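Please look over the sequence and the model shown below before reading on.

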Amino acid sequence: MTSKKQPNIQSFFKSTTNVLPTQEKLDNIQNKTDSVVLISDTNSPTSSVSHINRHDIFNYVKRVLTQNEIHDILNSIWIPDVNYNFPVKIFIVGKDKTTKRLKFQYKWFASFPWLVYSDIDNGAYCKFCVAFSTNFAGINNQTLGSLVTKKYDNWKHSLEYFKNHSQLEYHKKYKQIDIGRKKEIIENRKNIIPVVEAIILCGRQNMALRGHRDSGNILKTFSDDKQNNDGNFRAILRYRAQGDSDMRSYLESSGTIKYTSSTSQNEIIDSCNKVLLNKIVSRVNEAKCFSVLADETADVSGIEQVSLCVRYVELNTLKLHEDFLQFVPAVDMTGKGLAKLIIDNLQHFGIDTTYLRGQGYDGAASMSGKFNGVQAHIKDTHPLSIYVHCSAHVLNLVVSKSCSVTQIRDCLATLGKVRDFFIFPKRKSILRFHIENSSETSTKKSLKRSCETRWIERFHAINDFIELYEYVIEALDTISEWDDNDTSNKARRLRSSILDIEFLISLFVLNKGFSIGLPLSKFLQKSNIDLKLAVQLANDTKKELQELRTHVDDVFKKIFEEVKVVAEKFDIEIKIPRLSKKQTNRSNIPLNTPEQYYRASILIPYLDKFITELEERFNVHRSILSGFDSLFRENGPIEDIIILSNKYNADLQNDGTQNEIIEAEYKLWQRKLMQTTEKPNNALEAMAMCNQSIYPNIFKLLQILVTLPVSSATNERTFSNLKRLKTYLRNSMSEGRLNGLAMLSINKNYSIKPEEVIEELAKKKRRLPFLL
């Protein structure tokens, strides 16, 4: 009897169902013994090489990938366009050795959405498997091959291979991972958006985020006797959670990653800072012409903070911007040190400093010095960056010098002493009592402090003092009867000083002079004013003062009549002071009447100084503007525009015949000006009527003129914000947090969305994924 052959034990485990393809079988398809020859097409890539190299799938193969790199593979991977010419491979097949010319087909992208092509490696890959796979997967942890760790380029069997790859278990798993990952990311983004919105709200409204204790569960309740102030940020989230069930569930969940800690706050604030800064930098670089504005101050913790701002024209809307960039701490306060700090930080922000055309600072020696100032050092490396002394500071110097007339100076000093006398609550209550119990209604309730730095702002202090003059005297009368000898004696001395005729006349003269200079001061502090309009307003103010000087007799007659009314009411004697030939500390003008004497000793010297200072100190601004004046002349000589265009040759369109082009453009522009009924008042209006396609060089020269700085008032406004941000309670704030909150608070005209902040936040490695 013959024995039956014992079957192999493995036969008991053979499946009777259809077996799914394995990586080994797929590799057999790839490795069939066809001979191939690759024909490269030198004209194949149609996209930029840098873009292809950065986002090519080959750069991610056989690597441990970060969350950001996985996001790039799934969303930003390079895919050739329709016109891309794929390299041809020649296949030698069959016994007769016939040849076939085959290449990758673009339509396969539609049939297999996971398919991507590598321009570097000239082969196909699966983006899901590259993104999520390790070196081993599938049945028995097979070693991965084509489409995952190496390219697939056997185009003869490509459709069969791609279909089989779609059925692989690990491919399906990775595809499901991508779907699950997207759901997780959507949930993470939904949870963190309220947190980002709360931080943006606090930053926009200049509110402090942190409180006395701001750790632990936000929704944890405290008894009344143990309740602590945990800050505005946590209070806003807690209030929102009352009406948002999803937010409440997120805050109550057991996980520890809530992004509400102080560290997470700083990271979100820093992301807000980068989003806003990138928006400003992109606008500046698009304009291809900008000026830098800089000023420095010491914050509450004693750190010297340099405020950097930029001035530029947005070409799409022709709107002039002065935008804050950052506060930068400075250690080296020399001109060279500050110049290096400014240029290095502008370049660090991403601004192309080759387009720097203007510098705007105050008149400090370290900033404006001709040889060792900031402007001189920056000019060495950027010769076209013209320095413009802040016009508001110039006007302040004009007013300060004009007030050096002895009687005017003494009047301002007395005003300051009277205001300081009434600063104490007890004395102030006496003044308020006389104001409130007067038969006449006064809109002013207290004396204003004379501004120490902005002289023209003293107009409000002077104007209020004139209105409250009667009540001040009554209050001083009352206080002079107090038993406190020091206070009563001081009140009597001040009363005697303000009842002097010389003080009264100087007070009304100051009120007249400051009222003329005040409109100019306000205009110079605006951010949308250009240098042409600033010089024009300064000239108009000078002409108004010259008009007063021409008719000084009539002007002073009116002032003197007003003074006489006040003098008669308080029995003030109007007389000429004693004259002496040897007197040097006051005017010795031999005139017949008090009106003539005070006109010659107070008003005329004051007006003469005001006019002279205004003429001399704005001469630099006029000289800068003189080169651009030809842009507004209807019959100006060609030579002026040629000189200007040669200076800014790098900014203009130059094809070797620049002078001829400029001359032709300029003549056409002059003709347009002659035909225009409403002439442009400033460079910005001229830009609006200048067609850039017809007059490109004229347009660029006008843009440079508009971009030149007028004042550094924008920097001064950022210092006001700095004082509100970095207070004595928040004096240990880090520089990054300070700049982030400052950007949110100052640049309110720039919109910022939570999604933009999350995108920026996710650029660094995170424990939770946020990038779809």
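At roughly what angle do the axes of helix α21 and helix α23 cross? The axes of α21 (residues 531-550) and α23 (residues 594-617) cross at roughly 155° and come within 10 Å of each other. This is a predicted model, in which local features need pLDDT of at least 70 and side-chain atom pairs count only at pLDDT 80 or more, while totals for chains, interfaces and linings use all residues. Residues are numbered from 1 along each chain as its sequence is written, and side-chain values use heavy atoms, with hydrogens and water left out.

**Terms for helices and strands**

- Helices (H or I, at least four residues) and strands (E, at least two) are DSSP runs, numbered from the N terminus.
- Axes are lines fitted to C-alpha atoms, for helices over the stretch in contact, and angles run from 0 to 180 degrees between N-to-C directions.
- Two packed helices are described by the angle between their axes and the distance between the axes.

**Helices α21 and α23**

- The two helices α21 and α23 are therefore roughly antiparallel to each other (angles under 35 degrees count as roughly parallel, over 145 as roughly antiparallel, 65 to 115 as roughly perpendicular and the rest as oblique).
- The crossing of α21 and α23 is left-handed, a term used if the near helix is turned anticlockwise from the far one by less than a right angle, with right-handed used if clockwise.
- On the α21 side, the residues that meet α23 include A538, T541, L545 and R549, and among their counterparts in α23 are I604, L607, F610 and E615; contact means heavy atoms within 4.5 Å.
- The residues of this contact of α21 with α23 divide into eight nonpolar, two polar and four charged (Ala, Val, Leu, Ile, Met, Phe, Trp, Tyr, Cys and Pro count as nonpolar, Asp, Glu, Lys and Arg as charged, and the others, Gly among them, as polar).

**Helices α14 and α23**

- Helix α14 (residues 391-402) also crosses α23 at roughly 155°, and the axes of these two helices come within 8 Å.
- That makes α14 roughly antiparallel to α23, and the crossing of α14 and α23 is right-handed.
- The contact involves residues of α14 including V394, L395 and V398, together with residues of α23 including Y606, F610 and R617.
- Sorted by type, the residues of the contact of α14 with α23 are eight nonpolar, one polar and four charged.

**Helices α25 and α26**

- Helix α25 (residues 638-647) packs with helix α26 (residues 658-675) at an angle of about 130°, and their axes are 10 Å apart.
- The helices α25 and α26 are therefore oblique to each other, and their crossing is right-handed.
- In α25, I638, I641, I642, S645 and N646 meet Q658, N659, I662, E663, Y666 and K667 of α26, and the residues of this contact divide into five nonpolar, four polar and two charged.

**The five-stranded sheet**

- Five strands form an open sheet in the order β10-β9-β8-β11-β12, with mixed pairing, where two strands pair if DSSP finds at least two bridges between them.
- The edge strands, each pairing on one side only, are β10 (319-329) and β12 (386-389).
- Strand β8 (residues 290-298) runs antiparallel to strand β9 (residues 304-314), and nine bridges join them, with A294 standing opposite L308 in β9.
- A hairpin is formed by β8 and β9 with five residues between them, and G302 in the turn has a positive phi of about 85°.
- On the parallel side, β8 pairs with β11 over four bridges, and F290 stands opposite L356 in β11.
- Strand β11 (residues 356-361) likewise pairs with β12 in the parallel sense over four bridges, and G360 has V388 as its bridge partner in β12.
- Helix α13 (residues 374-381) lies across β11 and β12 and runs at about 175° to β11.

**Confidence of the model**

- The protein chain has a mean pLDDT of 85, and 88% of its residues reach 70 or more; pLDDT is the predictor's confidence in each residue, from 0 to 100.
- Over residues 32-36 the pLDDT is below 50, and this stretch has twelve contacts in the model beyond near neighbours in sequence.
- Over residues 221-225 pLDDT stays under 50, and the model has one contact for them beyond four places in sequence.
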